[in-house]
Amino acid sequence: MTAPGLHHPAVSPGLWTLAWRRLRADRVAMAALGVVCLFLLAVVLSATGLVAADWEDEVAVNYAPPTFVGRDPALAALAQPPAPAPPNAFDPLAGDLAVLKARLARQGQAHHAARRATLPFGADKWGHDVVRKTIKGGQTSIVVGLVAAFVAVALGTLFGALSGFYGGRVDDFFNWFYSVFTAIPSILMILTVAAVLQTRGVATIVLILGLTGWTGPYRLIRAEYIKHKAREYVLAADAIGASSRRKMFVHIFPNVSHVALVQVSILVVGFIKAEVILSFLGFGVPVGVVSWGSMLNEAQNELILGKWWQLTAAATAMALLVTAFSLFADALRDALDPKLK
Amino acid sequence: MTAYILRRLWQMLPTMAGVVVLVFVLFNWVGGDPTYLLAGKMADARAIANIRAQLGLDAPWYVQLGIFVKQIATFDFGNAWATGEPVSHIIATRLGPSLTVLVPLTVLETAIGIALALAVAFVRGSLTDRLVMVACTVGMSISILVYIIVFQYGLAYRLGLFPVQGWGEHFTENLLRYAPLPILIGLAVSVAPTLRLFRSFVLDEVGQDYVRTARAKGLPERRIVWVHVLRNAAIPIITYVMANLPALLIGAFLLERFFGIPGIGREVILAVERSDFPVIKAVTVYVAAATMVFNLLADLMYQAVDPRVQLA
């Protein structure tokens, strides 16, 4: 639109650029972002199998203590390969066993000999490395939290957009739906859906959390759409004949997406906590999948035996991530919505 | 006033109807057929047909919905599938233990939250304030499971200060012997988020004109904060506490489970584990109703606290 020859004014920074500048100035936020990125990196590495893919290997003796504690004399004996049992002349399976043993030996599976007495952060009941298990468990918990948060915010945004944009009966319907969902406390809703769905699985938890968590984003996004639909740029889009769908999602959505992003970051924290509780109770991840919740479940019994390392590893990893994520979410909200401060 | 209450109750009807339909759809369509679960492994066709007839599952959906509505209205959900105990009896007997833990917990949590929030707001912006807020964020990030496991192990199992778990017959015994540790853990978990929230309520008030006026006329800061600010900050605090009460009934399920307290929350967990649908249905519907009633009560309490509020 600028006439040729005129000096081009510097492009004024947009919402995201400004927010990023504000965020960069906040040292706590950047440190938190760094920690979150480290966790996400661990998730990616673990999901692609580069790290912790072998967490199920029984690399140490059962309950091997952390290296800095020192080996447990009672358990160290187990690290030695067990003495072969005296031959039993009446063993009907002796022939079969000999064949199996020979095959194992050919494949180089010296299983017992490799078991270690200590590990950097100890081992669990089966001799799994706790560090690798924590990384693998983190993958489950973080992926569930992230995906469920996106599902919940997507639902909330869709409902909020329809409700705020169309108003009238559509708005009444969604408001009624919202009041129904908020009348049931979220934890009860989660347990009810868990009871009904029966199947245990990662997809089920994502579904449960996503389907029950849309109410918060819905309320905020609806308010944004009510505000924006009367703005001039939407009226202009209307004047050139843009369809309702186009106005809602191409014109308005980019202008309210920061609200959705902040909601995602807030929900991730809550959903990671919820996943841990669900998995702890046994309504979450299936047997054979490890998550921080299932680790805490095992750790509860281990603690009575004095084996504190699995509890410490899972609890510390989770507290670190959730602290960093909450601090980052707070900073993100302040950066994207400076008025709110 | 009466007209206002009546109208609010009238407005609850569509929401309540929605809750009933939602629960009905969840359990009757999404949940699948419970007959095989009830009939056991060696069921013949006659037994299955018999159970279906008893549950009304062979009737069309509107008859089933009618049965459900009648169950809600008459407080008669039949017997629990797992134990055969009447559901109404389950709810009635489990409410006491839950409240024995929850009432002291809520009172203490609110009192401590208010006191700390005012104290922190008193030194707002200082290093103490910021350190307390960071401590709150860290405290909130630790899973409630970790608090329970560590406190139960440390204070009860190792140090023997409290019973590890259990529940008795007498109210005073329960309150003084078995409830203190769950209440303590509940406080440890809830003080951080409560303090953060209440602090923001208080900070919304300290910038108001009336605070400046009070200062200008020479009132001591302590009186301004504890009398003037507190009365105004009480409105959002009441909303928060009241709106959370019904949810707390369920929210304490982890405490009840770990400490063997026979409360509502533990009953819900057991019911989910056993797929005992009547219990879950009943609790969901009644807790939803309680949530709505408590929201109304919160609005009524506003007027008592703040005469400016007009209930129209």
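Predicted model: local features only at pLDDT ≥ 70, side-chain atom pairs only at ≥ 80, totals over all residues.
View 1. Residues are numbered from 1 along each chain as its sequence is written, and chains are lettered from A in the order in which they are written. Chain B holds 14 helices and zero strands; helices are DSSP runs of H or I with at least four residues, strands are runs of E with at least two, and both are numbered from the N terminus. Its C-alpha trace spans about 85 × 60 × 35 Å along the principal axes. Of the contacts in chain B with a separation of 6 or more, 69% join residues 24 or more positions apart; a contact needs C-beta atoms, placed from the backbone, within 7 Å.

**View 2. Helix 1 of chain B.** This helix has 29 residues. Its first and last C-alpha atoms are 41 Å apart, close to the 42 Å expected at 1.5 Å a residue, where the expected span is 1.5 Å times one less than the number of residues. A kink of about 30 degrees sits at B:Leu13, shortly before the proline B:Pro14; the bend is the angle between axes fitted to the seven residues ending at a residue and the seven starting there. The buried residues of the helix include B:Thr15, B:Val19 and B:Phe27. Their cover includes helix 6 (168-183) and helix 7 of chain A, together with helix 4 (61-74) and helix 14 of chain B.

**View 3. The side of chain B that touches chain A.** Here 35 residues of chain B are in contact with 32 residues of chain A. Helix 1 of chain B gives the most to this side, with eight residues. By class, the side has 25 nonpolar, ten polar and no charged residues. Nonpolar covers Ala, Val, Leu, Ile, Met, Phe, Trp, Tyr, Cys and Pro; charged covers Asp, Glu, Lys and Arg; the others, Gly among them, are polar.

**View 4. The largest nonpolar core.** A nonpolar core is a set of buried Ala, Val, Leu, Ile, Met, Phe, Trp, Tyr and Cys residues joined through C-beta atoms within 7 Å. Of the 142 residues in the largest one, A:Ala314, A:Phe328, B:Leu145 and B:Val268 touch the most other members. Helix 13 (residues 309-336) of chain A gives the most to this core, with 18 residues. Not counting residues up to four places away in sequence, B:Val268 touches A:Leu191, B:Ile250, B:Phe253, B:Ile280 and B:Val283.

**View 5. Helix 5 of chain A.** Chain A has 13 helices and zero strands. Its helix 5 (residues 130-166) has 37 residues, which should span 54 Å at 1.5 Å a residue; the end C-alpha atoms are 53 Å apart, in agreement. Of these 37 residues, 27 are buried. Just after the helix, A:Gly167 takes a positive phi of about 60 degrees.

**View 6. The loop at A:Gln198.** A:Gln198 lies between helix 7 (186-197) and helix 8 (202-212) of chain A. The residue is partly exposed because 13 other C-beta atoms lie within 10 Å. Its C-alpha atom is 8.5 Å from that of A:Phe283, 85 residues apart along the chain.

Methods:
Contact = placed C-beta atoms within 7 Å. Buried ≥ 20, exposed ≤ 12 C-beta atoms within 10 Å, placed from the backbone.
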